Amino acid sequence: MARRPRKDMIAETRAKLIAAARSDFGTVGYAATSMDDLTASVGLTRGALYHHFGDKKGLLGAVIAEIDGEMNERLRAVSGRAPDPWTGFRDECTAYIEMALEPEIQRIVLRDGPAVLGDPWHWPSQSECIRSMTESLEKLIEVGTVARIDAEAAARLICGATQYAAQWIANAPDPQAISQKAIQAFNLMLDGLLLRR
């Protein structure tokens with residue numbers, strides 16, 4: 001039997017640890033997840049976890065990066081279905097806020113993530129979000145849909161509003177009710193960017 005390439009074995013080990021952590025972090029939370037139990041559940045040692053992620057915090061970062069990547073794919077699909085770029089932009093922002101209703105995203109990304117990893121503004125995914133949103137706004141300004149405004153400033157404000165709305169929803173006693181309020185207010189605010197003719 002041919003020996004598997006080392007890179008495949010590394011990828012498999014990382015994937016096992018991330019999948020197990022994602023399941024445990026999503027059900028019992030970061031603090032209650034035992035690294036010994038987690039590694040044993042996938043037939044690995046704690047040393048494998050430390051080798052690949054440094055520590056439990058590093059593993060949480062990897063889980064969040066995976067979830068964030070999936071969220072981005074879903075958001076691109078939302079904007080791709082829209083009849084025009086402005087509707088796509090607006091729908092994508094709204095969809096991000098609505099994702100705060102999903103239990104896994106609530107617990108891992110919006111509650112445990114900031115508590116353990118610190119302010120999401122310092123996460124690598126946030127820089128990509130701002131860059132992407134700035135590009136979208138520049139295109140909307142160029143075609144005359146959005147008023148002439150500094151696109152990066154607007155992107156940072158919009159990202160801040162969506163992030164805060166998602167945090168509000170994730171930590172609310174009635175997330176569904178808060179989501180409806182947040183989306184209504186956010187969309188009204190976002191419409192203020194439209195060029196008035």
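At what angle do helix H1 (residues 6-27) and H4 pack, and how far apart are their axes? The angle is about 90 degrees, and the axes lie 9 Å apart. Axes here are lines fitted to C-alpha atoms, for helices over the stretch in contact, and angles run from 0 to 180 degrees between N-to-C directions. H1 is therefore roughly perpendicular to H4. Angles under 35 degrees count as roughly parallel, over 145 as roughly antiparallel, 65 to 115 as roughly perpendicular and the rest as oblique.

The model is predicted: local features need pLDDT of at least 70, side-chain atom pairs count only at pLDDT 80 or more, and totals for chains, interfaces and linings use all residues. Residues are numbered from 1 along each chain as its sequence is written, and side-chain values use heavy atoms, with hydrogens and water left out.

The protein has nine helices and zero strands. Helices (H or I, at least four residues) and strands (E, at least two) are DSSP runs, numbered from the N terminus. The C-alpha atoms fill a box of roughly 70 × 45 × 25 Å, taken along the principal axes.

H1 contributes Leu17, Ile18, Ala21, Arg22 and Phe25 to its contact with H4. Facing them in H4 are Lys56, Leu59, Leu60, Ala62, Val63, Glu66, Ile67 and Glu70. Contact means heavy atoms within 4.5 Å. By class, the contact of H1 with H4 has nine nonpolar, no polar and four charged residues. Ala, Val, Leu, Ile, Met, Phe, Trp, Tyr, Cys and Pro count as nonpolar, Asp, Glu, Lys and Arg as charged, and the others, Gly among them, as polar.

H4 also packs with H6, at an angle of about 135 degrees and with the axes 10 Å apart. The two helices are therefore oblique to each other. Their crossing is left-handed: the near helix is turned anticlockwise from the far one by less than a right angle. On the H4 side, the contact includes Leu60, Val63, Ile67 and Arg74. On the H6 side, Ile105, Ile108, Asp112 and Val116 are among the residues involved. The contact of H4 with H6 holds 10 nonpolar, two polar and four charged residues.

The axes of H5 and H7 come within 10 Å and cross at roughly 150 degrees. H5 and H7 are therefore roughly antiparallel. This crossing, too, is left-handed. Pro85, Trp86, Phe89 and Cys93 of H5 meet Met133, Ser136, Leu137 and Leu140 of H7. Seven of these residues are nonpolar, one is polar and none is charged.

The largest pocket holds about 870 Å³ of space. On a 1 Å grid over the protein atoms alone, a pocket is an open set of points where a 1.4 Å probe fits, with protein on both sides within 12 Å along at least five of seven lines; lining residues have an atom within 4 Å of a point. Grid points are joined across faces, edges and corners, and the volume is the space filled by probe spheres set on them. Of the 34 lining residues, Leu75, Glu92, Cys129, Ser132 and Met133 are closest to the centre. H7 gives the largest share of the lining, 11 residues. The lining comprises 17 nonpolar, nine polar and eight charged residues.
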